[in-house]
Amino acid sequence: MASKTIYMKHYPWLKNPYKRIIKQHQIKKTHHAFLIKTVRGLGVFTLVWNISTWLLCNEINGIESCKKCHSCQLMSSGNHPDWHQYMKNRNEIITIDHIREINEKIFKYPQQGKNKIIFLSNIQKLTESAKNALLKTLEEPPKNTWFFLIDYRNIIINSTLHSRCLIYRLFPPQEKNSLNWLKNQNLLNKTFNVISLRINQGSPISAKKFINNGLWEERKNLFVFFLRSIKNYNLLKILPILSMNNTLLKIDWICLLLFDAIQIYFNIKKQLINFDQLELIQFFSHNYNYFTLNQSIQTWTKCRYRLSNIPGINNELLLLEQLLKWEKILGFIV
Ligand SMILES: [Zn+2]
């Protein structure tokens, strides 16, 4: 990865986690394997990178790294020989060969004479055999080796890997703090900001991208077509817009809308996600019961799973099949 000097000040919600984790290191009450459970878009790379820079810095000043020494400069240029980041792109899979490579690295002396860092940025990308090999490594790693692992799954999984690590949960900031941050990023439409945050699990960075990369517009478009197709009792009208691009995201948006309908159905109005789409939400909550809404979400989830996991599948055909199925569930066709 190219130069990556992103300091904590850019992401204020990371300041406290950073402090807390560094303090644990200062009093030597931490663990060599640190597993962070979080959602995407909170800047967890920045957090790990800054902690690692501190761990490798030769002139630390309290909880800060000096940003000047040779080690800090190597980190800034992305060339530190004792910092090993894996999974730099999202699709990279970690195999047992990678773990062997890691083992070789950690059993050598640190090249800059201090600590060594291994960063695995998504443990879901480990193959089963890689996981087993890593477990062994985590049992008795050499001194001064620090592992940082990230887990983006929000379900509680008590795998053996978790039992070998210290688990740290990094939560999204409070909505009001995120809204302030978005405002400071020059995003001034509060409605856009609140909805984008809620669609993106409270992640400010993802919400910003959502608005700036045109996804807000795409969502708006999708729902315009969606409302029209529902009024005509013809869901096939959304097929072109659904299959065009960002299909998985669009399925997520439809599911979130259905979750809102379930909330209204049960009279919980406080935290609607898509509160700019009341007409659509009410169509579902007024005309269908919980069972039908839940069944709708389930078929969409299944469809999404097939789209993302079956290689070479014909997207358009699958979506067509799904829309027909949904028309049946909703009673548009008998
Ligand atoms: Zn330094």
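Predicted model: local features only at pLDDT ≥ 70, side-chain atom pairs only at ≥ 80, totals over all residues.
1. Residues are numbered from 1 along each chain as its sequence is written.

2. Five strands form an open sheet with parallel pairing in the order S2-S3-S4-S1-S5; strands (E, at least two residues) and helices (H or I, at least four) are DSSP runs numbered from the N terminus, and two strands pair if DSSP finds at least two bridges between them. Strand S2 (83-86) and strand S5 (166-170) stand at the edges with a single partner strand each, so one side of each is left without a neighbour in the sheet.

3. Strand S2 runs parallel to strand S3 (residues 116-120) and is joined to it by four bridges, and Tyr86 has Leu120 in S3 as its bridge partner.

4. Helix H7 (residues 175-184) packs against helix H8 (residues 190-199) at an angle of about 125 degrees, with the axes 10 Å apart; axes are lines fitted to C-alpha atoms, for helices over the stretch in contact, and angles run from 0 to 180 degrees between N-to-C directions. H7 is therefore oblique to H8, since angles under 35 degrees count as roughly parallel, over 145 as roughly antiparallel, 65 to 115 as roughly perpendicular and the rest as oblique.

5. Glu175, Ser178, Leu179 and Leu182 in H7 meet Lys190, Asn193, Val194 and Leu197 in H8, contact requiring C-beta atoms, placed from the backbone, to lie within 7 Å.

Terms used:
Contact = placed C-beta atoms within 7 Å.
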